[in-house]
Amino acid sequence: LNASGEKRECTALMKELGLNAVRLRVWVNPEEHDNWCNKEDLLVKAKRAKALDMDIMVDFHYSDWWADPSKQNIPAAWKSHTYEQMKVDVADHTNEVLQLLKSNGITPKWVQVGNETSNGFLWDVGKADKNPTQYAGLFAAGYDAVKKVFPEAIVMVHLDNGFNNDLYNWNLDILKNNGAKWDMIGMSLYPYWTMQNTDFSYTKADDVITDCIANINKVYTKYNCDVMIVETGMECADNYGNLATKTVLTEGKRLLTRILKECKENTNGHCKDHYGCF
């Protein structure tokens, strides 16, 4: 329901609330998970977005289920494959999904090759700390496959912890030094959860945001490449789904407002500011 109590399909509601882009994940074969986010499900959602004139980002996980910095599981059908075979797998899957969109008149504006590939993807074959050249090779296979179907699409490398300049230097140097290319850098930024992570010493969410804005400017300068914060979120409920207090929700709104404002005003135009359901 919208603010007037009228029923809306969720994508239409997002559009009504001012969002102009969607980010849609795709898994290789999520058969064990009711086929959510397989290529057919992606198409259904992409058709809705196109009908509403919303820009589309396709987020390839190259896994049968969630991929993130703690897990980058090889799809079951690829598990016995060599590195060379896996490059073909990446290219074929990317091509298959994007051709499906193309045949239905849908052109994504952005395409992610992997989701939060901070230590590579398709572990251990493409794990960046163990097999850096293979990580770059797999990424390049995805990049080239995207460009063959949609030459104008913006291909994105997506890492987590947008405040961590050391991570971005390390990961992006691996790609660059091994011949891989990308068009834009995607960042995840979760200030509240960063403060809960004992690997970091943050005690204030604002400090996380300050360091992220600084990192955006640093990576643009070093790699001559625009940036987008493609994931962010604030505390809004406890672990049981109970809504947070008004004070917590108000603080989350303040932090999100600050992120949007600083990305627009303090990055010299190099942090792109589409407003979408990411």
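**Helix contacts and ring pairs**

Me: At 6% relative accessibility, does Leu 255 count as buried or exposed?
Reply: This is a predicted model, and the value is computed from it. The cut-off for buried is under 20% relative accessible area. Leu 255 has 6%. Leu 255 therefore counts as buried.

Me: Which residues does Leu 255 touch, not counting residues up to four places away in sequence?
Reply: Start with its place, which is in helix H8. Now leave out residues up to four places away in sequence. Leu 255 then touches Ala 205, Asp 206, Ile 209 and Met 234.

Me: How are H7 and H8 arranged: roughly parallel or roughly antiparallel?
Reply: Helix H7 spans residues 205-223, and its axis comes within 11 Å of the H8 axis. The two axes cross at roughly 20°. Angles under 35 degrees count as roughly parallel. H7 and H8 are therefore roughly parallel.

Me: Is the crossing of H7 and H8 left-handed or right-handed, and how many charged residues are in the contact?
Reply: The crossing of H7 and H8 is right-handed. From H7, the contact takes in Ala 205, Asp 206, Ile 209, Thr 210, Ile 213 and Ile 216; from H8, Arg 254, Leu 255, Arg 258, Ile 259, Glu 262 and Cys 263. By class, that contact of H7 with H8 has 7 nonpolar and 1 polar, and the charged residues number 4.

Me: Thr 247 lies in helix H8 too. Is Thr 247 buried or exposed?
Reply: Helix H8 covers residues 246-265, and Thr 247 is in it. The relative accessibility of Thr 247 is 62%. Over 50% means exposed. So Thr 247 counts as exposed.

Me: How are H3 and H4 arranged: roughly parallel or roughly antiparallel?
Reply: Helix H3 is residues 83-103, and helix H4 is residues 132-149. Their axes lie 8 Å apart, at an angle of about 25°. That angle makes H3, relative to H4, roughly parallel.

Me: How many residues of the contact of H3 with H4 are nonpolar?
Reply: H3 passes H4 in a right-handed crossing. Residues of H3 that meet H4 include Val 90, Ala 91 and Leu 98, and among those they meet in H4 are Leu 138, Ala 141 and Val 146. The contact of H3 with H4 has 2 charged and 7 polar residues, and the nonpolar ones number 10.

Me: At what angle do the axes of H2 and H3 cross, and how many polar residues does the contact have?
Reply: The axes of H2 and H3 come within 10 Å and cross at roughly 35°. Lys 39, Glu 40, Leu 42, Leu 43 and Ala 46 of H2 make the contact with Glu 96, Val 97, Leu 100 and Leu 101 of H3. By class, this contact of H2 with H3 has 6 nonpolar residues and 3 charged ones.

Me: Are the rings of Phe 60 and Tyr 62 stacked or edge-to-face?
Reply: The structure holds 11 aromatic pairs. In this one, the ring centres of Phe 60 and Tyr 62 are 5.3 Å apart, and the planes stand at 15°. Planes under 30 degrees apart count as stacked. So the pair of Phe 60 and Tyr 62 is stacked.

Me: What about Trp 65 and Trp 66: stacked or edge-to-face?
Reply: The ring centres of Trp 65 and Trp 66 are 6.2 Å apart. Their planes are at 70°, and over 60 counts as edge-to-face. So this pair is edge-to-face.

Me: Which residues do ring pairs link into a cluster?
Reply: Take Phe 60 and Tyr 62, both of which are buried. Ring pairs link these two with others into a cluster. Its members are Phe 60, Tyr 62, Phe 121 and Tyr 135.

Me: Is Asn 119 buried or exposed?
Reply: Asn 119 sits in the loop between strand E3 and H4. Leaving aside neighbours within four places in sequence, its contacts include Trp 170 and Asn 171. Its relative accessible area is 17%, and so Asn 119 is buried.

Me: Is Asp 53 buried or exposed?
Reply: Asp 53 is in the loop between helix H2 and strand E2. Its relative accessible area is 66%. Over 50% counts as exposed, so Asp 53 is exposed.

Key
Residues numbered from 1 in each chain as written. Predicted model: local features only at pLDDT ≥ 70, side-chain atom pairs only at ≥ 80, totals over all residues. Heavy atoms only, no water. Axes fitted to C-alpha atoms, helices over the stretch in contact; angles between N-to-C directions. Helix = DSSP H or I, 4+ residues; strand = E, 2+ residues; numbered from the N terminus. Parallel < 35°, antiparallel > 145°, perpendicular 65-115°, else oblique. Left-handed = near helix turned anticlockwise from the far one by under 90°. Contact = heavy atoms within 4.5 Å. Nonpolar A, V, L, I, M, F, W, Y, C, P; charged D, E, K, R; others polar. Phe/Tyr/Trp six-rings, centres within 6.5 Å; stacked < 30°, edge-to-face > 60°. Buried < 20%, exposed > 50% of the residue type's maximum accessible area, 1.4 Å probe, protein only.
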